[in-house]
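Here is a short briefing on one protein chain. Keep the sequence and the 3D view at hand while you read.

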Amino acid sequence: MTATLDKNLFAGFVRDFPELPNTTIESVLRRTHNQPRAAVDALERISNAAKVLQEKFPGFPLHVIVRALESNGFKLKKTAKALAQKRHLAMLKRKYPQVSREVLLA
């Protein structure tokens with residue numbers, strides 16, 4: 001059963017965390033069952049982790065880093081590894097544009 005979304009709470013968090021995508025805020029609110037304190041803690045952790053990763057990987061926009069955090073279960077170390085691999089793949093793609101992505105990953 002999914003929790004219903006508190007629209008007022010959602011609007012407040014969108015204002016308070018403009019760097020986070022709305023879908024991230026919505027999923028956090030649903031996971032925390034609209035508990036404001038738990039949602040604030042989770043959103044602050046996500047925001048801080050994204051800022052740390054953005055310092056380490058300045059070439060990636062913040063929304064890309066947040067998406068990578070989401071897809072890696074909000075694990076900082078795992079996300080950093082994935083972003084490093086993505087950066088390395090982009091470098092290889094620039095160096096060898098004629099080679100397919102699958103070959104570069106092998």
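Thr24 has 0% relative accessibility, so Thr24 counts as buried. Keep in mind that this is a predicted model.

- Thr24 sits in helix H2, which covers residues 22–31.
- The cut-off for buried is under 20% relative accessible area. Thr24, at 0%, is therefore buried.
- Setting aside neighbours within four places in sequence, Thr24 touches Ile46, Val66, Arg67 and Glu70.
- Two of these contact partners, Arg67 and Glu70, also pair with each other in a salt bridge.

- The structure has two salt bridges.
- One of them joins the side chains of Arg30 and Glu26, at 3.0 Å from N to O.
- Both Arg30 and Glu26 belong to helix H2. They are four residues apart, about one turn of the helix.
- Arg30 has 30% relative accessibility, so Arg30 counts as partly exposed.
- Glu26 has a relative accessible area of 28%, so Glu26 is partly exposed as well.

- The side chains of Glu70 and Arg67 form a salt bridge at 3.8 Å, N to O.
- Helix H4 spans residues 62–71. Glu70 and Arg67 are three residues apart in helix H4, so about one helical turn separates them.
- Glu70 is partly exposed, at 28% relative accessible area.
- Arg67 is partly exposed, at 39% relative accessible area.

**Fold and dimensions**

- The protein chain contains six helices and zero strands.
- Along the sequence, the pattern reads α-α-α-α-α-α.
- The radius of gyration of the protein chain is 17 Å. A compact globule of 106 residues would have a value near 13 Å.
- Along the principal axes, the C-alpha atoms fill a box of roughly 50 × 30 × 20 Å.

**Packing and surface**

- Of the 106 residues in the protein chain, 36% are buried.
- Take the contacts between residues at least 6 apart in sequence: 40% of them join residues at least 24 apart.
- The protein chain exposes about 7200 Å². Carbon and sulfur atoms supply 56% of that area.

**Charge**

- The protein chain carries 19 positive and 9 negative side chains.
- The centres of the two sets lie 10 Å apart.

Definitions and conventions. Residues numbered from 1 in each chain as written. Predicted model: local features only at pLDDT ≥ 70, side-chain atom pairs only at ≥ 80, totals over all residues. Heavy atoms only, no water. Helix = DSSP H or I, 4+ residues; strand = E, 2+ residues; numbered from the N terminus. Buried < 20%, exposed > 50% of the residue type's maximum accessible area, 1.4 Å probe, protein only. Contact = heavy atoms within 4.5 Å. Salt bridge = Lys/Arg side-chain N within 4 Å of Asp/Glu carboxyl O. Rg over C-alpha atoms; globule rule 2.2 N^0.38 Å. Areas by Shrake-Rupley, 256 points an atom, 1.4 Å probe, with all protein chains shown as cover. Lys, Arg positive; Asp, Glu negative; His and termini not counted. Charge placed at Lys NZ, Arg CZ, Asp CG, Glu CD.
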